[in-house]
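User: I am new to this structure and would like to learn how to read its features one at a time. Could you take me through them slowly?

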Amino acid sequence: MDNREAKFILNAYRPGGQDANDPRFAEALEQVRRDPILQRWFDESVAFDAAMTEKLFATSVPSDLRESILTGVKITRAPHWKNRLRKWAIAAAVVLSATLGVLIWHNARPAPVAGWQLQALDAILSSIARNESHFDLISSNPADLVKWLRENSAPTGKKLPNNLDKLPSIGCKTFFWHGKPVSLICFTLPEGRAIHLVMTTVSTDSDRAIKDQAKVIQEGHWATATWREGDMIYMLALDGSRDELRSYLL
Amino acid sequence: MTEADFEQLVDRQYRPLYRFALSLSKSEADAADLTQQTFFLWASKGDQLRDRSKAKSWLFTTLYREFLGRLRHEGRFPKIELDDVREEEVSISPNVNAFDSTTVLQALHAVEEPFRVPLTLFYLEQFSYQEIADVMGVPIGTVMSRLSRGKAQLRERLFSKEEVLGNKVIALQSDRREESHG
């Protein structure tokens, strides 16, 4: 190997010494050890490269670039982790509705309780899952969703059940079910699970029959709670235990 | 990948990615845009990368391809006759410590694009020749050639700046005497 060839190879030698044991550099490094003129060239080359690295690292970066990146990703699209979670939450809710729809009707007899809310939830979530409709607003901040629902005259309670407003949300949806306006807010739970809140206004005698104390039902791995507060009817549903569901009703 | 993981990745890589983008585009606005676009692409496609240790290479490769795509779109794809580039060897290096980072960056910007890319990856991120080859999609021999020529152009640009600044420059010496010892 002559010095020209050694220099050709050693120009790729990183100044931090990471390549010291790379066999591709071994012969050239041996040449450096044998030839004092090549050694001098190599020492200067490494020093030059180290100085260049130091100078270029000092190049300033726009102070707002980090926030622009993070905010831009959030606004432009729901990142894939949230897309997966949202689709899972929708799919889970659809299964929930299909599973419990008949049960609620059974439990509701002779006074049907929240049966139509589950049918409505089933219908709208199925529609979202098939991409026939979408969440009206996507936000991880429940306050944003509640504000939007109020501004759009959708059924919204005075406040969310206590522990729900501490959870990050997924999105909200408003729709009509047989002429009745209905609001839906989906929230995320730890470990990628979801909990769903359906709200509507009292309009029929059967609505008025719903009590202000939550009726909690467990069927398989699903739990739901239905209650009335003044003119609002709430239904809360999650894949979990009744005890867990109750912790969100406090 | 969770939102927290994404944020950590941004924190680790947004500065070096921006500096790489700046060396390519020579415009702060374009560099910021390229950097943001790269992270948008990661947010939508990064989950497809099975080996998370390759995230850095993925980001730099993606940013480079975005840059090339924009050049093609704008019809500004550089046509450099690589064989025509005069290779100049100097036995004394310019005094880099005499310059501020802006001047050094200007000298780097003056290096032609095919050589500037591997140089930037080599200096900014201490990429190995193999990693540079992976980002650029060229053989490692090409990387070594472009690093050699790129460094020669860079030294030449910095020597020019030394002259402008009034620092006396030690005359260029050929390597013929060194060759006889090789």
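Predicted model: local features only at pLDDT ≥ 70, side-chain atom pairs only at ≥ 80, totals over all residues.

User: Which hand does the crossing of helix 5 of chain B and helix 6 of chain B have, and which residues make the contact?

Analyst: The crossing in which helix 5 of chain B passes helix 6 of chain B is right-handed. On the side of helix 5 of chain B, the contact is made by Pro114(B), Val117(B), Pro118(B), Leu121(B) and Phe122(B), while helix 6 of chain B brings Ile132(B), Val135(B) and Met136(B). Sorted by class, this contact holds eight nonpolar residues, with no polar and no charged ones.

User: Where is Glu113(B) placed, and is Glu113(B) buried or exposed?

Analyst: Glu113(B) lies in helix 5 of chain B, which covers residues 113-124. To judge burial, one compares the relative accessible area with a cut-off, and a residue under 20% counts as buried. Glu113(B) has a relative accessible area of 11%, and is therefore buried.

User: What sits in the loop between helix 5 and helix 6 of chain B, and what is its backbone like?

Analyst: One residue to look at in that loop is Gln126(B). Its phi is near 50°, which is a positive value in a residue other than glycine. Gln126(B) has 16% relative accessibility and so counts as buried.

User: Where could I find another positive phi, this time in chain A?

Analyst: Ser153(A) has a phi near 55°, again a positive value in a residue that is not glycine. Ser153(A) is placed in the loop that runs between helix 7 (142-151) and strand 2 (169-177) of chain A. With 68% relative accessibility, Ser153(A) counts as exposed, because the cut-off for that class is over 50%.

User: How do helix 1 of chain A and helix 2 of chain A pack, and which residues meet there?

Analyst: Helix 1 of chain A (residues 3-10) and helix 2 of chain A (residues 23-34) pack at an angle of about 130°, their axes being 9 Å apart. That angle makes helix 1 of chain A oblique to helix 2 of chain A, and the crossing of these two helices is left-handed. From helix 1 of chain A, Asn3(A), Ala6(A), Ile9(A) and Leu10(A) meet Arg24(A), Phe25(A), Ala28(A), Leu29(A), Gln31(A) and Val32(A) of helix 2 of chain A. By class, this contact has seven nonpolar, two polar and one charged residues.

User: Stepping back, what does the secondary structure of chain B come to, and how much of chain B is buried?

Analyst: Chain B has eight helices and zero strands, and of its 182 residues, 52% are buried. Its accessible surface comes to about 8800 Å², with 45% of this belonging to carbon and sulfur atoms. To see how the chain folds back on itself, one can look at contacts between residues at least 6 apart in sequence: in chain B, 70% of them join residues at least 24 apart.

Methods
Residues numbered from 1 in each chain as written. Chains lettered and ligands numbered in written order. Heavy atoms only, no water. Helix = DSSP H or I, 4+ residues; strand = E, 2+ residues; numbered from the N terminus. Buried < 20%, exposed > 50% of the residue type's maximum accessible area, 1.4 Å probe, protein only. Left-handed = near helix turned anticlockwise from the far one by under 90°. Contact = heavy atoms within 4.5 Å. Nonpolar A, V, L, I, M, F, W, Y, C, P; charged D, E, K, R; others polar. Areas by Shrake-Rupley, 256 points an atom, 1.4 Å probe, with all protein chains shown as cover. Axes fitted to C-alpha atoms, helices over the stretch in contact; angles between N-to-C directions. Parallel < 35°, antiparallel > 145°, perpendicular 65-115°, else oblique.
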